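Please look over the sequence and the model shown here before reading on.

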Amino acid sequence: MRILIAGGDGFCGWPTALHFSQRGHEVAIVDSLIRRKWDEELGTQSLTPIRTLEERVAAWRELTGKEIQVYIGDLTDWSVVERVFREFQPEAIVHYAEQRSAPYSMIDREHAVFTQVNNVVGTLNVLYAIKEITPDCHLIKLGTMGEYGTPNIDIEEGYIRIQHKGREDVLPYPKQPFSFYHLSKVHDSHNIMFCCKAWGIRATDLNQGVVYGLWTDETRLDERLYNRVDYDGVFGTALNRFCIQAAVGHELTVYGKGGQTRGFLDIRDTVQCIELAAMHPADHGEFRVFNQFTEQFSVLELAERVQRVAQQMGLRAEIAHLPNPRVEKEEHYYNAIHTKLVDLGLKPHLLSDELIRDLIQTAMKYRDRVRFEVIKPNATWR
Ligand code: NAD
Ligand code: USQ
């Protein structure tokens with residue numbers, strides 16, 4: 001399959017590109033490299049040392065003899081998207097190329113506007129490219145579980161059957177997103193759904209939970225293939241942050257009570273889910289939605305689990321309940337359905353103490369790269 005990985009220099013995109021290339025697919029990456037500039041803006045860097053995209057791809061070629069084509073460009077620029085689609089003629093596009101941090105989108109007006117323009121316009125350009133250049137191309141779009149919010153009923157996979165005044169319909173599940181970032185994903189979902197209906201595009205919207213871990217079989221092969229992993233208060237995410245905090249002697253930063261419950265998955269399962277979606281494409285005109293996570297945890301549960309493993313390793317790992325910088329429920333009902341990917345064959349890697357230990361050990365190895373002052377949260381919702 002000719003598969004285009006948009007955002008292929010990022011945390012999820014790089015391991016996905018390697019995984020498809022390893023399996024013999026023809027892979028191209030399109031990425032503006034803007035993620036690396038956000039590190040500079042925020043005064044942070046990946047915990048792990050990462051090579052330039054050029055060096056990564058050259059190392060992959062040297063180690064495996066496999067070629068990954070690279071396009072450097074911004075999806076909000078139509079001329080870039082048009083050229084990539086005309087030249088590469090993708091049969092599937094995995095679209096990761098968005099600004100993905102909720103706190104970044106809440107810094108101020110400029111960051112909110114940037115996030116929504118970057119994400120919504122980029123996706124619109126991709127939709128037009130599919131319509132005008134490769135109408136058979138399957139769009140595999142990364143959405144987020146945070147599109148749904150935390151309603152007091154079960155969360156279904158994309159759609160819900162509703163009875164109203166004696167009539168019944170299957171409708172998109174109500175959305176109550178957590179931030180301007182999460183809102184951008186809702187806007188994308190609506191645009192994609194409309195294009196499937198209007199133009200017969202085939203699309204899978206993967207409402208992914210919080211991803212943890214960093215290693216996949218391929219990224220571990222060689223230092224030059226290492227994946228990025230974020231620990232700072234803006235791009236770092238819950239479980240990875242707690243492991244890195246434990247390793248460097250920082251308190252584990254639980255926001256508020258810590259009863260916030262979310263879906264989580266191992267990065268190896270991100271890659272597995274994408275492969276399953278690609279190998280079982282949506283039909284023309286179908287807007288398919290899968291909830292992509294394997295287990296749900298509250299933030300406090302995760303902090304306590306990391307604390308237990310860290311203490312077995314002789315680390316202190318104290319838990320601090322910080323004033324919550326976000327506006328979100330800290331105690332709530334949460335039960336999100338996630339059976340569609342399992343039905344396609346997903347074999348989850350469930351969270352293990354071994355993985356937590358491995359993450360803490362990786363963080364201890366690279367602790368000199370961690371800047372203490374960027375760990376605390378600084379973007380607030382209010
Ligand atoms: P990331 O920031 O590490 O990678 C995103 C990549 O996209 C970066 O390399 C960046 O340079 C590129 N990019 C951003 N805007 C672009 C544009 N306009 N044109 C070209 N390239 C652009 O993010 P990630 O953690 O790999 O997340 C990938 C996707 O998965 C995102 O859409 C995110 O919303 C979604 N997601 C991530 C998580 C998670 O926990 N990491 C969870 C759920 C959903
Ligand atoms: N949290 C803490 N302490 C921390 C970090 C986070 O208590 O140090 C809490 C947050 O308040 C929130 C929960 O943990 O309640 C999750 O926060 P997060 O930063 O781990 O993840 P989030 O902001 O939701 O965003 C991440 C990715 C995003 C993706 C989303 C999936 O950055 O791209 O869309 O996870 S989901 O959460 O399902 O919407």
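**The mixed sheet and its helices**

In β13, Phe 297 is the bridge partner of Arg 262. The structure is a predicted model, in which local features need pLDDT of at least 70 and side-chain atom pairs count only at pLDDT 80 or more, while totals for chains, interfaces and linings use all residues. Residues are numbered from 1 along each chain as its sequence is written, chains are lettered from A and ligands numbered from 1 in the order in which they are written, and side-chain values use heavy atoms, with hydrogens and water left out. Helices (H or I, at least four residues) and strands (E, at least two) are DSSP runs numbered from the N terminus, and two strands pair if DSSP finds at least two bridges between them.

- Strand β11 (residues 261–266) runs antiparallel to β13, and 4 bridges join the two.
- These strands belong to an open sheet of 3 strands with mixed pairing, in the order β9-β11-β13. Because β9 (210–212) and β13 (295–298) are at the edges and have a single partner strand each, one side of each is left without a neighbour in the sheet.
- From one strand to the next, the twist of this sheet averages 45°, where axes are lines fitted to C-alpha atoms (for helices, over the stretch in contact) and angles run from 0 to 180 degrees between N-to-C directions.
- Helix α9 (residues 267–279) packs on the sheet and touches β9 and β11, its direction making about 80° with that of β11; contact here means heavy atoms within 4.5 Å.
- Helix α10 (residues 299–312) lies across β11 and β13 and runs at about 85° to β13.

**The parallel sheet**

- A further open sheet has 7 strands in the order β3-β2-β1-β4-β5-β8-β12, and its pairing is parallel. Its edge strands, β3 (68–72) and β12 (287–292), each pair on one side only.
- The twist in this sheet averages 20° from one strand to the next.
- Strands β5 (residues 138–144) and β8 (residues 202–208) pair in the parallel sense over 7 bridges; along this pairing, Arg 202 in β8 is the bridge partner of His 138, and Gly 143 stands opposite Asn 207 in β8.
- On its pairing with β12, β8 is again parallel, here over 6 bridges, and Gln 208 stands opposite Gln 292 in β12.
- Helix α7 (residues 180–199) lies across β5, β8 and β12, and its direction is at about 150° to β5.

**Burial along strand β8**

- In a regular strand the side chains alternate between the two faces of the sheet.
- Strand β8 is mostly covered, with 7 of its 7 residues buried; buried means under 20% relative accessible area, exposed means over 50%, and partly exposed is in between (1.4 Å probe, protein chains only).

**Individual residues**

- His 182 is found in helix α7 and counts as buried because its relative accessibility is 9%. Leaving aside neighbours within four places in sequence, His 182 is in contact with Ala 102, Thr 144, Gly 146, Glu 147 and Pro 177.
- The C-alpha atoms of His 182 and Glu 275 are separated by 24 Å, the two residues being 93 residues apart along the chain.
- Glu 218 is found in the loop between β9 and α8 (238–248) and, at 7% relative accessibility, counts as buried. Neighbours within four places in sequence aside, the contacts of Glu 218 include Leu 18, His 19, Trp 60 and Leu 225.
- Asn 335 lies in the loop between β14 (319–322) and α11 (340–343) and counts as partly exposed, at 29% relative accessibility.
- Asn 335 and Ile 153 are 182 residues apart in sequence, yet 7.5 Å apart in space, C-alpha to C-alpha. Asn 335 is also in contact with Asp 154, Ile 155 and Gln 296, leaving aside its neighbours within four places in sequence.
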